[in-house]
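What follows is a short report for a reader who is meeting this structure for the first time. Please look at the sequence and the model before reading on.

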Amino acid sequence: MSALRQPIGPGALSLGLLAATLATGVLVLLPALREAAGPLPVAAFDHDRMVLLHSTLPRLVMALLCGAMLGLAGALLQAALGNPLASPTTIGTDAGARLALALAGLFAPALYGWGRDLVALAGAGAATGLVFLLSRRQGFAAVSLVLAGLVVSLYAGALAGLLTLVEDRYLAGLLIWGAGSLSQQSWEPASGLAIRAALLLPLALLLARPLQLVELGEDAARGLGVPAERLRLLAIALAVALAAFVSASVGVIGFVGLVAPAIARAAGATRVKNRLVWSAVLGGLILLLTDLLVTLLAGPFADFLPTGAVTAVLGSPILLWLLPRVSRGSAPPIKPSDPERARRRPGRGALVLALLALAAFAAALLLGHAPGGWGLATGAALEAVLPFRWPRLLASAGAGALLGLAGLLLQRLTANPMASPEVVGVSAGATFAMVLSVFLVGAAGAASVTGAALLGSLAALLLVLVLARRSGFAPERVLLAGLAVNALLDAVVVVLSATGDPRAIQLLGWLAGFTANVSPGSALVVAAGAAVLVPLALLLQRWLALLPLGFPPAAALGVPVPAARATLLALSGLAVALATPVIGPLSFVGLMAPNIVRRLGIQAAGAAVLASAACGALVLLVADIAANALAHPLQLPTGLVASLVGAPFLLWLLQSRKAA
Amino acid sequence: MKAHSFRRPAHRGAAAVSLDDPQGRLASRQQFLEGFQSVGTRQASRRAVLAGLAALLAAPVLPARAASLRVAVLDYALAETLIALGLPPVGLSNARGWSRWVVEPVLPAGTVDLGIDLAVNREVLASLKPDLILTTDYVAQQEEALSVIAPVKRLTIYDGSAPALDKAKAVTLALGDMVGLAAEASRFLAETEADFAGRKQRNAVAGRRPVLVLSFMDARHVRVYGRPGLAAGVLDAIGISNAWKPETNLWGFETVPVERLAQAGEADILVLDPVPPDALPTLQRGPLWRELPAVKRGRLTVLPPALMFGALPSARRFARFATEGASA
């Protein structure tokens, strides 16, 4: 194999990994092997032997096989797209399979065998197709593809979470499956998956040579008679099938498909064929080693720890490591706002939005379910429901305004229309800290949770700041850093959920953003926060107007850049920290509101601040009305309902943005 | 729970039953809770709980006007206890899932569904004009919002302060006391203990094999129930040995892959419904499962649903199934 002659060499690396794997394997298997080699026991049922033969061994094979298939899938995607960030995890394939199988679990629970595979395949294919459709205009640019993948993943995850919360809170099997457990009880799944792999593997190898040609240059390939488009499509379809089959048999194993090809490439596998082969080898070994380590470290009596969640926790930071490679080469940077026609009187637009938000507030106060059905409440009936409606609506409006503001600040700061607390990972950071405070400290009081959220969002912002400083705030770097934080949060939530800890349900509730029973106190705090921070931002409108020009020009025009940056970051961090405990990290309002405002042509900084806040409030109020009207007496989580609107909006935005 | 949660909302009519002046009970409740908090070891906990109970029982209680007391509940365990005491709740969160997870006692048809327990519908709740709202630690973040409607009291069985069955007994008495049905609660507790004692005798005579109690999560993973959970407590009380020895989490279960069941050896297996429809057929195709002694000898029983995170009614339901099988 030519790759063996490479300087570092994926072969040598694989041998090293193999040695480590074997050593761990011996440690894991030794007791059982010694038992099996000894004299046959007298007992009729030799459980050690049975477990070794029908559980441990197929599990090892399964780990190798799944890892290899995912590694291969990642390498295929990366070669077909010329994108080092592509993988089943990052382009939405896994999430699609996860949602499809979740739906199947609810509505057709008896599905197994090829039926399950087909469902997973349909979901994975649909999600991936959507991602491609959305990033087509950008020529499948690395960053826009992965951003679309992130959004589709978040959306699918939000839907699956909503199903779990509403349909069946005891649906723990779904959570386990989502976490990707490799445990096996017979050879049947492994042999079934092996057959599927054997069907797909030759196809992948056949594609290696033509893909190499495409990589050398699309025109050259076309000259040689290689239909580049069709070839890419085939490679992607193959990768989706590989990932979907793995998902159907063991669940979601995150990030192996990203990490294995990255390591293969770093170790010196340059040609497509080498990359495919070594990604499969390395993927298999990585997953096997991880699984053995999980088995070894978890021990027979420790808490249940699904391997897929572990790979996700370990693998998501790898995204950060991969970032420098992307921002320098292939990715066309996301350009600041397309020249929208600026409104001549932006203040009037802001006023209209504010009036609409007020109208929505009033409507939501009056409209609702009454004993007689859905409708307007008046008189005594209104008096009876007002104490329940106003805190909810005030909190929604306040959180929406805060997120709209935070989104605008971040977008002005990074000169990037895709920046928002949700995408940049600030919301995830806040949630992360809230989770830690509940699980580690055990406190669930509103004050401590908000405090934790503040620390978390500021920490996430600092992280973004540090990462961004080196690249002078290269927008794509900021976004992808956020993506990695989001993925890490998701992985941790999955680990917690899989153990069946009921606190995980509470956590899901948080992520979902239930506003229904916000206490009047919290509602007032959120609203007061909005009432203070929005005017504060208005005072800074000069900075907001100049910073999008870039830091050097802004500095030349007299903006104290470091101070301005720190102030604006702190302001948006505070806004997110106040809003997140109420509405959760998934609402997408921080992304939607400033973009709607921009589409409306409101560009003057001061008007944009007001309009973004008003628009954020409006969006969450409308979502709140829907959340309370749709499934009476259930009050759906407002944050999730907003994201069900917000995510498609984001996708539309991604799609309609013109290629750079 | 601080006393301020007893504050009555000004807009409520005079028809409500008075829960004011709970001073005596509060004092005793405090002692009772301290009983839980002061325990360090499991051995000590039972004594401490009983001491707390004694203090509770000696305390003055509300006059028995329970028939008119309207209670809304955010927890199945508390709801089934109320039904057992003869005071079915007027509203219950997740009521639509009752027939799937609890089944017995039957939820009266008039019980109103309050929606998702993490965010109960306060408009619906208020329209029921409850006199008392019961919560647990898991839904506690709504307490401030709920206290606008009626006094809120929190009673948590699954908080890890004591084994679930002991805590369920204590909560039953505390709840009875709280709603003016102390006598009924004591009677129900005595009845339950007598029931368990009777079963213990019968099981001793029958010479029962150890059992493994589990729920299927999917075709590869189960929850297996052990100490300090409700099922384990019941098995101890009715003299059946639980084959799952490791300590589990405070809800009394551990999620394990199916192959771990092999270590339970000759134990009988009790599976609680609902079982995912693909689980047993899938497992049947593998030798590991087929060769499990219980499966091989047909000593696996699928039992109707019984809430493993319930209180005494669920405990008794499970005790019945564990003793007499699915047909009980």
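## A covered helix and a domain interface

The buried residues of helix α9 of chain B, where buried means under 20% relative accessible area with a 1.4 Å probe and protein chains only, are L230(B), A231(B), A232(B), G233(B), V234(B) and L235(B). Helix α9 spans residues 230–237 and is mostly covered, with 6 of its 8 residues buried; helices (H or I, at least four residues) and strands (E, at least two) are DSSP runs, numbered from the N terminus. Those buried residues pack against α7, α8, β6 (211–216), β7 (221–225) and α13 (312–324) of chain B, and just after α9(B), G239(B) takes a positive phi of about 70°.

This is a predicted model, in which local features need pLDDT of at least 70 and side-chain atom pairs count only at pLDDT 80 or more, while totals for chains, interfaces and linings use all residues. Residues are numbered from 1 along each chain as its sequence is written, chains are lettered from A and ligands numbered from 1 in the order in which they are written, and side-chain values use heavy atoms, with hydrogens and water left out.

| Domain of chain B | Residues |
|---|---|
| Domain 1 | 3–191 |
| Domain 2 | 205–324 |

In chain B, 26 residues of domain 1 are in contact, meaning heavy atoms within 4.5 Å, with 24 residues of domain 2. The two domains of chain B bury about 2,000 Å² between them, 63% of it on carbon and sulfur atoms, where buried area is the accessible area (1.4 Å probe) that two parts lose on being put together, summed over both. In domain 1 of chain B, E104(B), Y158(B) and L165(B) lose the most area to domain 2, together 32% of what that side buries.

Across this interface of chain B the rule finds 3 salt bridges, each a side-chain nitrogen of Lys or Arg within 4 Å of a carboxyl oxygen of Asp or Glu. E104(B) forms a salt bridge with R320(B), and the closest N and O atoms are 3.2 Å apart.

A84(B) lies in helix α3 of chain B and touches F188(B) and P313(B), not counting residues up to four places away in sequence. The C-alpha atoms of A84(B) and P105(B) are 7.3 Å apart in space, although the two are 21 residues apart in sequence.

Methods. Domains from an automatic or database assignment. Buried < 20%, exposed > 50% of the residue type's maximum accessible area, 1.4 Å probe, protein only.
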